[in-house]
Amino acid sequence: MSIDHAPYLSTLSRRGLVGLAAVAAGTTLLPGPRATAAGVAVRTGDPFVEWLDRHATPVRTSPRGPLDDLTPLRRTVRDAAVVGLGESAHGTHTQFALKHRVARYLVEELGFRTIAWEESWGSGVVLDRYVRGDGTDARTAVGQAPFRLRSQAMLDLVRWMREFNRGRPDWDLVRFLGADVLELRALQYDEIERFAAAVVPDRLPRVRELLGALALRGTPQEHLVWYKYRLTEDERQPLVAAARELHEMVRDAAASRAARRRRAAVDPDDAVLHAFALLGFYESGSAAGVRDDLRDRYVAGVVTAWHERTGHRIVYSAANAHVAAAERMVIEFPPDPPARRRLAGGLLRAGFGAGYVAVGTVFDHGDVLTGWEVDGGPRVYTVPPSSPSFADALLGRARLGDYLIDLRRGGPAEVRERLDGPASLRIMSSAYDSARDEHYAQHLPSWRAGFDALLHVRTVTATQLVQAAGGRSRRRRG
């Protein structure tokens, strides 16, 4: 299959794409020599770095091989229902591969049975059906994902999931969940109509009328641009109302005796989530939705509904900003001004309490594939070691290059004070300008308010896009 890697249109804004949330200011880091690239210990005189050198445990970044290096995660995760697994940049193969490795550990060793990703519900359904053994080719399934996830790392992940599931009973299959509502897929429309035809045929004309009003205008990416950037708020409101009516109709039909009595071709729970995600797209993309961070409320809602439906322990993979457990944060993405928002991780912590554990992933330097919203499409950017204003710089001074550190571990008073104080982490999404590196930031009220543990990688390589048949993947070096 040939996969199109055409970039997002340049009219997309970073705030519109990420829908992030926030509260605090940066932290000042003490100057001192860095560890060498080989990871040789360097005396810093900084109690925090010395604490890191005592308690950090080395990790391997390849998803393959024995998982013994991740045994310390058992103490971090404990009996959590949901583990948020973050990344500081969309566009690195290394962070994705490490997250694949962690997901393997949580599934194989701790019994997690859903891997949720920061990708749209509709494309996630295609991947879920693939990993459960339908006849879809892996490249075809991954080709349904957003551009940045059409990668070799995603292929590796879903192929491993399918192989893990081979021969297992239905109740013990690992599932894939698209937890986001940023884009829509035709599958949602088709299956809502089929569900209504089977369960509430008398309401089918109205269902078709609503689906027609909400129909995709072009590709999912073109529809996103049309809705969020071409319509006025007055033009959006009737669509929000139509999506809400449709969701209520599907929800009520799924709870009816007819749904229980008839063997519908579409699972009632799937139909409800199809309609819920469709409503989430339209409502979160309105002016009020952007202002109130409704996208992340829907993400938390999808994850929570899936947990209630399946009883699964869930790995939720997304950007560090979406995963962080802080109630609020401040997020910066140049050229947009800093924004104070509340994101999915904070909502999941509020809902699950200690049953939600947040693990962030950061890196020191390397290559990142980004620029999805820039004319000409994504390209590889070389990212330098972070500014001293970032916590990443302090983490990069540890003896180990690739490691796990549990932030809840005890330590000297100076270390506890640092961990309970504000922290700024570097974070990149769909664009990057090295001249403004220190402004791509996630400002947390404290290290521990944001994350229970951090994974640190010394050097990252760029995402490897799946190549179109007979051609080269479209990426340039910036």
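**View 1. Arg78 sits in the loop between α3 (73-77) and β2 (82-85).** The model is predicted. Arg78 is not a glycine, yet its phi is positive, about 50°. Its relative accessibility is 52%, so Arg78 counts as exposed.

**View 2. Asp293 occupies the loop between α14 (287-291) and α15.** Here too phi is positive, about 55°, although Asp293 is not a glycine. Asp293 has a relative accessible area of 7%. Buried means under 20%, so Asp293 is buried.

**View 3. Strand β4 (residues 175-180) is largely enclosed by the rest of the structure, because six of its six residues are buried.** Strand β3 (residues 114-120) runs parallel to β4, and five bridges join the two. One of the bridge pairs links Ser120 to Asp180 in β4.

**View 4. Helix α17 (residues 344-352) has four named buried positions: Ala344, Gly345, Gly346 and Leu348.**

**View 5. A cis peptide bond joins Pro334 to Pro335.** Omega for this bond is near 5°. Pro335 belongs to the loop between β6 (329-332) and β7 (339-341).

Terms used: Residues are numbered from 1 along each chain as its sequence is written. This is a predicted model: local features need pLDDT of at least 70, side-chain atom pairs count only at pLDDT 80 or more; totals for chains, interfaces and linings use all residues. Side-chain values use heavy atoms; hydrogens and water are left out. Buried means under 20% relative accessible area, exposed over 50%, partly exposed in between (1.4 Å probe, protein chains only). Two strands pair if DSSP finds at least two bridges between them.
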